[in-house]
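Good morning, colleagues. Please look at the sequence and the structure on the screen before I turn to the aromatic rings and one of the pockets.

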Amino acid sequence: MSTAMSFAAYGGPEVLTVSRVATPEPGPGQVRIRVRAAAVNPIDVRIRAGAMQGLFPVEFPMVPGWDVAGVVDKAGEGAAASVGDEVFGVATVGGYSEYAVLDQPFAKPAEVSFETAAAVVTVGEAACRALQHLGVRPGQTLLLHGAGGGVGGIAVQVAAARGITVVGTAAEQDIERVNGLGARTVPYGEGWVARIGAVAPDGVDFVLDASGAGVLADSVALVGDADKVITLADPSFAQHGVRFTGMDPADRFPEALPQLAGLIAAGKLDVPVWRAYPLAEAARAHADLEAHRNRGKVVLLP
């Protein structure tokens, strides 16, 4: 048995409680890790609150969390990592736990902390997946909605590193920080189209929406082609003929994780970790996300 954080009913952060669970066993090709850090993501909060029942059925009690980093302590036959290796990736069962099983463990460079490695998994994969689907190339211009968020901040840096011009919309308090990452950013909200036109007078080639802020219609009009717009967050995508990415597990792009780890190790990608809490304080971490207090990723330390 091992310690984890779980919830036995939907509700507020207080439903997360310390529990004892069966220690998972790795199957063929899998590894079990002693978790050193687990990232807290907004989807964890929505699942716990019951807001995702239609997409993510829950069997109670549930241990939330997927993004983990740690040290392999047991490896199944044919696994891609060995006991003692430092790895990160997506847990097959809840990551808010002392132990987790990974189907695809990726080597964690020594220069990357466990906290940062866990923090980059979901946001980094989503950012790289959206860029991959769009097919935006060096020399082209990308409009990024939600450039100040976790996914947006990664997408700005990865796109800029590839020689793509990035313009974005973000909250006023995030603009200076996002500009420092390599984008030309304007405040979101009414009038954003004109503001983007001022910083990108030659127009934009593609749009990545990581905000879900009702910007799809104007974005399609801006580029003139719904195929050049993708969203990670707006459920009205079908009304605008826009592609939504993120609901289908087969749509994932885990191959991006080693590249992201390499960029972090080389000092070319910043993944800010705002706060790290002990595992038992997962409820505080969820409360931070719900209140939008965090300015960066929140992680748990089992």
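This is a predicted model: local features need pLDDT of at least 70, side-chain atom pairs count only at pLDDT 80 or more; totals for chains, interfaces and linings use all residues.

**Aromatic pairs, ring faces and a pocket**

Phe 88 has a relative accessible area of 1% and is therefore buried.

Across the whole structure, the search returns four aromatic pairs. In one of them, the ring centres of Phe 88 and Phe 106 are 6.3 Å apart with the planes at 55 degrees, so the pair is classed as tilted. Phe 88 belongs to strand E5, residues 86-90, and Phe 106 to strand E7, residues 106-107, so the pair ties together parts 18 residues apart in sequence.

A further tilted pair is formed by Phe 237 and Phe 244, with 5.1 Å from centre to centre and 40 degrees between the planes. Here Phe 237 is partly exposed, with a relative accessible area of 23%, and Phe 244 is partly exposed at 22%.

Let me turn to charges over rings. The charged end of Arg 34 sits over the ring of Tyr 99, 5.5 Å from its centre. Lys 108 lies over the face of Phe 114, at 4.6 Å from the ring centre.

Finally, the pocket. What lines the second largest pocket? Its lining includes Met 62, Pro 64, Trp 66, Val 90 and Thr 92. By class, seven lining residues are nonpolar, three are polar and none is charged. The space in this pocket is about 190 Å³.

Conventions. Residues are numbered from 1 along each chain as its sequence is written. Side-chain values use heavy atoms; hydrogens and water are left out. On a 1 Å grid over the protein atoms alone, a cavity is a set of points where a 1.4 Å probe fits but cannot get out, and a pocket is an open set with protein on both sides within 12 Å along at least five of seven lines; lining residues have an atom within 4 Å of a point. Grid points are joined across faces, edges and corners, and a volume is the space filled by probe spheres set on the points. Ala, Val, Leu, Ile, Met, Phe, Trp, Tyr, Cys and Pro count as nonpolar, Asp, Glu, Lys and Arg as charged, and the others, Gly among them, as polar. Rings of Phe, Tyr and Trp (its six-membered ring) pair if their centres lie within 6.5 Å; planes under 30 degrees apart count as stacked, over 60 as edge-to-face and the rest as tilted. Helices (H or I, at least four residues) and strands (E, at least two) are DSSP runs, numbered from the N terminus. Buried means under 20% relative accessible area, exposed over 50%, partly exposed in between (1.4 Å probe, protein chains only). A charge sits over a ring if NZ of Lys or CZ of Arg is within 6 Å of the ring centre and within 35 degrees of the ring normal.
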